[in-house]
Amino acid sequence: METNLNKVLNQGVRHQLNGLLCKYTNVMKGWQYRWFAVDPQSGILSYYLSDSTSANDDVPPPSHVLNGSPRGQVHLAGAVVCPSDEDSRTFSIGCASGDTIKLRAADARARQEWVDGLRAVVESHTKAMDISNSTPLPPRELLAASDAMASARQALYLTEQCNASLARAIENIECETFSPTDPDLLLMKAISTASTQCLHQCLSLLQRHQEIHTPHSETTSVN
């Protein structure tokens, strides 16, 4: 069966795993352009200094920069990639190490392509990491984890209902001040949907982690 990673790469999105993005550095320097490159095989995201001053100036740094040491690197295994509710271009990568990288693409379409590509790499390498580090949980912890997962699924179900209600309310709005095509309402609808999808991804990672750590061979046959 074709993995999500192969689907993304076969759909021609691979070039989007290498490109110019704005990275939030710190309060003093704010947003700075960096050239990002993802190695789908190793699951490593690297970024390099760039002289670009515009998102449209999507030109790779000189070869000696790319061949040298990157400005920074993170492993995408266990990471969570989430679109931001600030605007239609910003997204973040929550790394398993606890670090968070805040990025901004050129436009909404570029952001979605980056998010889809990064999530595919995350899924592939998280699954491999879980298999290599699988250790069954003790029965008491396993029961607690099962209860927590049930609560999480219920919370996500309620979130989906709220998201659907919001979408219907916007589509059926009848008001002189607003219309269903109002930019602010469309942005609110898109943010709600993107946030729900992000929660789905988080729950999927938790479920996969639980499955890996759930013992499957403890049943004994009675002759």
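This is a tour of selections through a predicted model, from a pair of hairpins to the aromatic pairs and then to one helix residue. Residues are numbered from 1 along each chain as its sequence is written, and side-chain values use heavy atoms, with hydrogens and water left out. Local features need pLDDT of at least 70, side-chain atom pairs count only at pLDDT 80 or more, and totals for chains, interfaces and linings use all residues.

Select residues 80-83 and 90-94, which are strands S5 and S6. Strands here are DSSP E runs of at least two residues, helices are H or I runs of at least four, and both are numbered from the N terminus. S5 and S6 pair in the antiparallel sense over 4 bridges; strands pair if DSSP finds at least two bridges between them. Val-80 has Gly-94 of S6 opposite. The two strands form a hairpin with 6 residues between them.

Phe-91 faces Leu-103 in S7. In this second hairpin 5 residues lie between the strands, and Gly-98 takes a positive phi near 105°.

**Aromatic pairs**

The whole structure holds 2 aromatic pairs. Rings of Phe, Tyr and Trp (its six-membered ring) pair if their centres lie within 6.5 Å; planes under 30 degrees apart are stacked, over 60 edge-to-face, the rest tilted.

Show Tyr-24 and Trp-31: the ring centres are 5.5 Å apart and the planes are at 70°, so this pair is edge-to-face. Next show Phe-36 and Tyr-47, a tilted pair with 5.3 Å centre to centre and 35° between the planes. Phe-36 is in strand S2 (residues 30-39) and Tyr-47 in strand S3 (residues 44-49), so the pair ties together parts 11 residues apart in sequence.

Colour by relative accessible area (buried under 20%, exposed over 50%, partly exposed in between; 1.4 Å probe, protein chains only). Phe-36 is buried at 0% and Tyr-47 is buried at 13%. Tyr-24 is partly exposed at 31%, as is Trp-31 at 25%.

**Charges over rings**

The charged end of Arg-104 sits over the ring of Trp-31, 4.0 Å from its centre. The criterion is NZ of Lys or CZ of Arg within 6 Å of the ring centre and within 35 degrees of the ring normal.

**Thr-196**

Finally, select Thr-196 in helix H5 (residues 183-212). Thr-196 is buried, at 8% relative accessibility. Contacts (heavy atoms within 4.5 Å) include Leu-156, Thr-159, Glu-160 and Asn-163, not counting residues up to four places away in sequence.
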